[in-house]
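Dear colleague,

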Amino acid sequence: MQQDWWKEAVVYQVYWRSFLDSDGDGYGDLEGVIKKLDYIKYLGIDVIWLNPCYESPDIDNGYDISSYQEIMDKAGTMEVFNRLLEEVHKRDMKLIMDLVVNHTSDQHYWFQESRKSTDNPYRDYYIWKPGRNGREPNNWRSYFTPSTWEYDEKTNEYYFHSFAVEQPDLNWENPAVRREIYQMMRYWLDKGIDGFRMDVINLLAKIPGFPDAEKPEDISYLGNNPGIHDYLQEMHEEVLKDYDIFTVGEIPFVTPEDGLLYVGEDRKELNTLFHFEVLDDMKSWDLLQFKSIQKRWYEGLWKRGWNSQFLNNHDHTRLVTRFGNDKEYRQQSATCFATLIHTLPGIPYVFQGEEIGMTGVRFNSIDEYNDIAMINEYKERVANGEDSNSVFEELVPFSRDNSRTPMQWNDEKNAGFTSGQPWIQVNPNYHEINVKKALDDPDSIFYYYQNLIEMRKRHSVMTYGEYHPILEDHPTIYAYYRVDENEKWFILLNLSEEDTSFSFTENKVFVKQLVIHNYPVKQDSANSIRLRPYEARVYTI
Ligand code: NOJ
């Protein structure tokens, strides 16, 4: 398998608005990120993914961009951005930025022009259609609203939006749009950034003719449509091929077969992808389903394309709360899942705070939430007559705010995040869970991650090795080998709250040395062992 620096990377996601506030306005900022680069480096990180910090009215936390080549005031200035990039590079790390080009903000100049008249030169930068019998042009749902269409009185037509009303979709059929985007991408790459995380990149092409959907609530019709690969190959030809960069596409609704079309090494599109078979399709932990997802993706991509491994991000509740046990087994489940993510084939991602086992949150009422996805869904369902309390209870566990609370640096005011009023409440458990405490404790989750990452760096089998699972039908144990011509490793995880026994002899596993473990281990030579709740062991063979 061809070796590439980006395949060997461990990525840290910085959701800057919740990372560190340097000026007391209650929002994290780029200056704050600079202050903590040594911390990120100390963890062992190679690549930082920075969530969008472009000019934006901020109705979807920066995913509604009003100017692609300016920095949002809350985040800082272009001078600070340039310094951030320089400081990242000085530490021998790389920086990738979010590329949000499926849609812009409705405040973007292009859209402001586009909505003025049907013959405005920018009209076709977006997707406009006349209504059908006085209603929306079709029955499609958007991610955040009941319809993908918003009526605009001025020209008596509807515009298309896959997300909020304030996020109109760009019309990728228009070559002028594509040229503008490629130019903008070159602007950032020429500045020296090291790549892009591409927001919902498989949504760019729409189904020709916009026919009604049979099941409008299954919004997978928004993605993977005819023409998408032409756009990405053109983007590669016009921009990406000229730079040695890291590109990861956010690609919902995708199978391994389709995934390969985006990341196949012969395809000239993207390096790797985030698929959502785990985070979107597996509401709670299901080991058998997880194993089968891993197997299908491994077999689908092996030797042909590259996968990514992650169990949370700014859109998905923190892994220890959603999949582990954030109470009595917080430490054990956090480290067990970390072992999983850092030993499976594919690039591992750490979402800020994951490395100290930060947890999800529960606010008291909908008014305390900020997440537009949650708020819109709440309003829609309550307006349709559902009981507000039950809707609230149903939405709390999945609210994107679970992952967006401020980074917990210490047990001082606001967890050391800001001297001002934080834009979103700090998780009250910051006295217990914070970076200072983690760094003071040699047995902390932080050092466990650091150790895993270091081990990964030293042993390329964790990056390039084959993956061979055993006990595939076991409901609580996940066990697999990683193998290359020089080394063989064995990973043994008890992904449950029950003690589970495992027999080395019966399974013909002949281990040599226990290298990583998240429980104290007294004697290690027994033929059969009892794995404690969320126990993780990594052995050489
Ligand atoms: C995916 C992003 O991760 C999410 O935060 C955002 O709301 C949507 N794309 C729309 O840009």
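In this predicted model, an N or O atom in the side chain of Asp199 lies 2.7 Å from an oxygen atom of the ligand. For Asp315, the corresponding distance from a side-chain N or O atom to a ligand oxygen is 2.5 Å. Asp60 also places a polar side-chain atom 2.5 Å from an oxygen atom of the ligand. The ligand taken alone exposes 300 Å², of which the protein buries 98%.

The ligand sits in the largest pocket. Besides Asp60, Asp199 and Asp315, the residues around the ligand include Tyr63, His103, Phe144, Phe163, Arg197, Glu250, His314, Arg400 and Arg404. By class, this shell comprises seven charged, three nonpolar and two polar residues.

Turning to the cavities, the structure holds four of 30 Å³ or more. The largest has a volume of about 150 Å³ and a lining of 16 residues, with Tyr298, Gly305, Asn307, Pro345 and Gly346 nearest its centre. Helix α8 (residues 287–301) provides the largest share of that lining, four residues. Eight of the lining residues are nonpolar, seven polar and one charged.

The second largest cavity contains about 90 Å³ of space. Among the residues that line this second cavity are His275, Glu277, Phe290, Gln294, Asn307 and Ile341. Both α8 and β12 (308–309) supply at least two residues each to its lining, which divides into six nonpolar, five polar and one charged residue.

With kind regards

Terms used: Residues are numbered from 1 along each chain as its sequence is written. This is a predicted model: local features need pLDDT of at least 70, side-chain atom pairs count only at pLDDT 80 or more; totals for chains, interfaces and linings use all residues. Side-chain values use heavy atoms; hydrogens and water are left out. A residue is near a molecule or strand if one of its heavy atoms lies within 4 Å of it. A polar contact is a pair of N or O atoms within 3.5 Å; within protein, one must be able to donate a hydrogen and the other to accept it, and residues adjacent in sequence count only if both atoms are side-chain atoms. Accessible areas come from the Shrake-Rupley method with a 1.4 Å probe; for residues, only the protein chains shown count as cover. On a 1 Å grid over the protein atoms alone, a cavity is a set of points where a 1.4 Å probe fits but cannot get out, and a pocket is an open set with protein on both sides within 12 Å along at least five of seven lines; lining residues have an atom within 4 Å of a point. A molecule sits in a cavity or pocket if more than half of its atoms lie within 2 Å of its grid points. Ala, Val, Leu, Ile, Met, Phe, Trp, Tyr, Cys and Pro count as nonpolar, Asp, Glu, Lys and Arg as charged, and the others, Gly among them, as polar. Grid points are joined across faces, edges and corners, and a volume is the space filled by probe spheres set on the points.
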